[in-house]
Amino acid sequence: MSMTMTQKRNVFSVFRYFVLTIWLLIVAFPIFWMVSTSFKPDREWFSWPPVYITENATLQNYLTVWTDFNEYSTNEETKELGQYTQSLQRPWEALGNSTLIAGIATLLAVLFGSVLAYGVSRHQILSEKRMFQLLMLRMVPPIVLIAPISLWYRQIGLLDSIPGLVILYFLTSLPYAVWMSKSFIDEVPREMEHAAEILGASRWRTIWEVVLPLVRSGLVATFLFILILTWSEYLLALLLSKTDVLTLPIELSKYQGSTEGRVYGRQAALSVGITIPLVFVGLLIRKHLARGFSFGMVRR
Amino acid sequence: MTATTLNGQVDPPQNIKARKGREANKAQGIRRFKWTVLSPFLALMAFILVPALLLQVFFSFFQFSIFDAGDSDSFMAYFEASEFVGLDLFIDVFRDNRFGAAIIRSLLFATGATLGCFVFGFGLALLMYRPFRGQALYYIFFILPMLTVPIVIAYTGEMILYQNGPLNDILSRLSGLRVEAQFLYKKEVALTTIMALEIWNWTPFSFIIMMAGLAALPKEPQEAAKILGASKWRIFWEIQVPLLRPVIMLALILRFLEAMAEFPKTWSLLQGGPGSATETIPVYIFLTTWQYFDISYGAALSYVVLVLMMGIVMAGIYLLRREKKSLDEMYMAKPSEG
């Protein structure tokens, strides 16, 4: 018995929705669980059977994570005085640092990267081979150099400082910045630049006033894309800064080792706070994500 | 700027001379531009990475431990407290079974995670690349995992995999038995569990790359094959897959390299345990340097890993370069609509 084309198509359509919906559940469940746990009171964090949607929803986790800094402080004195700077939990500072470090490093990488990309695109100032070698900055795992870097940083006073992290984030996101912005610059027609050149504009003026404005939306996408990567970085932040300068992923990891045992509700509340900006930014540039992750080699 | 030979007239000799001069000027201008642009980058490399590399060389030939430096905080104390040991540390590295096991574990982890991401990502992309109702909504949901912070995934994963957590609850309800599986703290499954988290995290990467690749495929060869009566299966294997090869290679290579360096999830959940079940290369280096404070052995390990990874990365880059050419040709043939 053979099926008609329409029947075949219907069978395929049902099959497709079935598979996609299963994957949707797999993808959505952890996110749902994170959000749902963040509203649970502490007695429901570990209960059996687990509570899926709490009936006693509370904002306590959010309030504690963002306002009660001494909840897990082991230092009694600090606890009594309510001292923020010495307490274990310093979420606002972490938020500020994360924003500052990721923001500055990304901005520098995109500015520098796009000018370099212009030079490569228009004047081949780096050969194709060099361009691929640049990728190594990203592809060789940072763990192999982090120990001597931390010793060196200690010597030159960059350990546990904002510039120290900015420099390394700048270097490691440079390959993405150059390659991604180059893929945008390659797509812009050159007539305008030639016109500017003939009118006597200097090279820098041509770059600032003609080329970069033409690829503005591409550069914004590049900026936001690299922001996602630097915002979530863990290893460098863990090893090169911790006590003075801490970032949000490190702040989150403190809850894991806290003396009170696991505190799922608090972790979840902080996780939601860290994730929301990234999801927002990521969805904003969803059309450019493939280009970003593939160093501009795949376009859409 | 004076008028040149736009209308094709033959240049008088003095014009040729002037043009040659201008070209030389231009080349010089580009050279100056090149070094102006590159100088901050090169300065940073010289100031940060080169000293670090030199220190790494030093410590891998001179035995040194943080404890030897005593209370002194000064840099020079490190050098005074260290002792030349030649290649001893490297010989130790090559005899280190724990290191060998870490390499195998990393390779297993990276291969498994890469293939997992690819199979799921490509499968979903094949189901989704033609327009259908709800496509945009599914797409948005499917890219969410790669927009979450790895360490958030690690901790959320732990909540779900916890012995009294929802996964065991769901399994219990489905099977009718009380399932109390330990996904993280059992030696036999720990690495697989981390791999599953990695696959959950990065399937979106393969998915978006393959979606973009499928969207860019030329329609004509497929339609021609269809008219000639080729089956869907044959069209897939003999037309789509070969055309997609550069994109497939890209998805595999980039993911493999990232998975070799995976650290946040492995470290924050298990620190290499239980036993040494999740002790991958990055975790082993981390433990050696920051838990055992054996800076010198860590440096020698790092050097061997650096060489090993450079080899893998260079092979990857070689393949990428080859595929980039075919990719560029693909986009040349079909200008992007976006």
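**A walk through a predicted two-chain model**

Just after helix H12 of chain B, B:Phe293 takes a positive phi of about 55°.

Helix H9 of chain A, residues 191-198, is hardly covered, and the count of buried residues among its eight residues is zero. H9(A) is followed by A:Gly200, whose phi is positive, near 95°.

Chain A contains 15 helices and zero strands. Its radius of gyration is 24 Å, well over the 19 Å that the globule rule gives for 300 residues, so chain A is more spread out than a compact globule. Along its principal axes, the C-alpha trace of chain A spans about 80 × 70 × 35 Å, and 47% of the 300 residues of the chain count as buried. Among the contacts in chain A between residues at least 6 apart in sequence, 72% join residues at least 24 apart.

Chain B has 13 helices and two strands. Its radius of gyration is 28 Å, whereas a compact globule of 338 residues would have one near 20 Å. The C-alpha atoms of chain B fill a box of roughly 85 × 70 × 30 Å along the principal axes, and of its 338 residues 38% count as buried. Of the contacts in chain B with a separation of 6 or more, 72% are accounted for by residues 24 or more positions apart.

How many residues of chain A are in contact with chain B? There are 68 of them, and they are in contact with 75 residues of chain B. The elements that give two or more residues to this side of chain A include helix H4 (91-123), helix H8 (162-186) and helix H14 (264-284) of chain A, while H1(A) gives the most, with 12 residues. By class, the side of chain A that touches chain B has 50 nonpolar, 12 polar and six charged residues.

Within helix H1 of chain A lies A:Val11. This residue counts as exposed because it has 11 C-beta neighbours inside 10 Å, where exposure requires 12 or fewer. The C-alpha atoms of A:Val11 and A:Ala117 are 106 residues apart along the chain and are separated by 49 Å.

From the contact between the chains one can turn to the nonpolar core. The largest nonpolar core has 168 residues, and those that touch the most other members are A:Leu165, B:Ile208, B:Ile209 and B:Leu250. Helix H8 of chain B, residues 187-216, gives the most to this core, with 15 residues. Not counting residues up to four places away in sequence, B:Leu250 touches A:Ser294, A:Met297 and A:Val298 of chain A, together with B:Ile209, B:Leu320 and B:Glu323 of chain B. In soluble globular proteins, nonpolar side chains tend to be buried together.

Leaving aside residues up to four places away in sequence, B:Ala300 touches B:Ser60, B:Leu89, B:Phe90 and B:Val93. The C-alpha atoms of B:Ala300 and B:Phe61, which are 239 residues apart along the chain, are separated by 7.9 Å.

A last point concerns confidence in chain B. The chain averages a pLDDT of 86, and 90% of its residues score at least 70. Confidence in chain B is highest in helix H4 (residues 97-128), at a mean of 95, and lowest in helix H2 (residues 75-81), at a mean of 70. Over residues 1-6 of chain B pLDDT stays under 50, and for this stretch the model has three contacts beyond four places in sequence. Where pLDDT is low, the predicted coordinates should not be read in detail.

Methods:
Residues are numbered from 1 along each chain as its sequence is written. Chains are lettered from A and ligands numbered from 1 in the order in which they are written. Helices (H or I, at least four residues) and strands (E, at least two) are DSSP runs, numbered from the N terminus. The radius of gyration is taken over C-alpha atoms; the globule rule is 2.2 Å times the number of residues to the power 0.38. A residue is buried if 20 or more other C-beta atoms lie within 10 Å of its own, exposed if 12 or fewer, and partly exposed in between; C-beta atoms are placed from the backbone. Two residues are in contact if their C-beta atoms, placed from the backbone, lie within 7 Å. Ala, Val, Leu, Ile, Met, Phe, Trp, Tyr, Cys and Pro count as nonpolar, Asp, Glu, Lys and Arg as charged, and the others, Gly among them, as polar. A nonpolar core is a set of buried Ala, Val, Leu, Ile, Met, Phe, Trp, Tyr and Cys residues joined through C-beta atoms within 7 Å. pLDDT is the predictor's confidence in each residue, from 0 to 100.
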